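I opened the model to take notes on its fold and packing. My entries follow in the order I looked things up.

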Amino acid sequence: VIPIGRGQRELIIGDQKTIKTTVTTNTILNQQGQNVICVYVAIGEKASSVVQIVTNFQERGAMECTIVVTETVESLTTLQYLTPYTGVALTEYIMYRERHTLIIHDDFFKQAQAYRHISLLLRRTLCHEPYPGDVFICIHGFWKEPLNQVLV
């Protein structure tokens, strides 16, 4: 993994069962003592997986500088859709108080699926195709840009 500077973003893409979550959690663990508040957003993950991650953070002392926002797979679809927005709101709140922040979203694809379900229930048209990958491009580009403009 290439280290990134402050005010930048990085997208980690890979197949299922690769080490994407391990890489992101290790990034949070490496922020200890760096004066960085980390926000870990777990979208539609199994509760046991989130508990395992939080336990790992607690054992290594990372929970002192970490906020975990989660909606599990058992949660309502609308709550899974809103989870990333909650994480961004918390991160912006901390950032506006002149603190360094790191936000990690795990897994945007689940939010895209939730958006698709909500759109189908409301009979709204999706951006291009009803496939969650296209929804991913449409909705995530819109809400990441204002945060990036603040950081620049």
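Predicted model: local features only at pLDDT ≥ 70, side-chain atom pairs only at ≥ 80, totals over all residues.

Entry 1: I kept a general point in mind here: an α-helix has 3.6 residues a turn, so residues three or four places apart point the same way.

**Entry 2: the whole chain.** I stepped back to the overall layout. I counted five helices and three strands. Along the sequence they come in the pattern α-β-α-β-α-β-α-α. The protein has 152 residues, and 36% of them count as buried. I also looked up the contacts between residues at least 6 apart in sequence. Of these, 69% join residues at least 24 apart.

**Entry 3: α3 against α4.** How do these two helices pack? I took α3 as residues 77–95 and α4 as residues 108–122. Their axes are 8 Å apart, at an angle of about 130°. The crossing of α3 past α4 is left-handed. I wrote down who makes the contact. From α3 come Thr77, Thr78, Gln80, Tyr81, Pro84 and Tyr85. From α4 come Phe108, Lys110, Gln111, Ala114, Tyr115, His117 and Ile118. Sorted by class, this α3–α4 contact has seven nonpolar, five polar and one charged residues.

**Entry 4: positive phi in two loops.** I checked the backbone of two loop residues. Asn35 is not a glycine, yet has a positive phi of about 60°. I placed Asn35 in the loop between α1 and β1. Is Asn35 buried, partly exposed or exposed? Its relative accessibility is 48%, so Asn35 counts as partly exposed; the exposed class begins over 50%.

Glu98 also has a positive phi, about 60°, and is not a glycine either. I found Glu98 in the loop between α3 and β3. Glu98 counts as exposed because its relative accessibility is 76%.

Technical notes
Residues numbered from 1 in each chain as written. Heavy atoms only, no water. Helix = DSSP H or I, 4+ residues; strand = E, 2+ residues; numbered from the N terminus. Buried < 20%, exposed > 50% of the residue type's maximum accessible area, 1.4 Å probe, protein only. Contact = heavy atoms within 4.5 Å. Axes fitted to C-alpha atoms, helices over the stretch in contact; angles between N-to-C directions. Left-handed = near helix turned anticlockwise from the far one by under 90°. Nonpolar A, V, L, I, M, F, W, Y, C, P; charged D, E, K, R; others polar.
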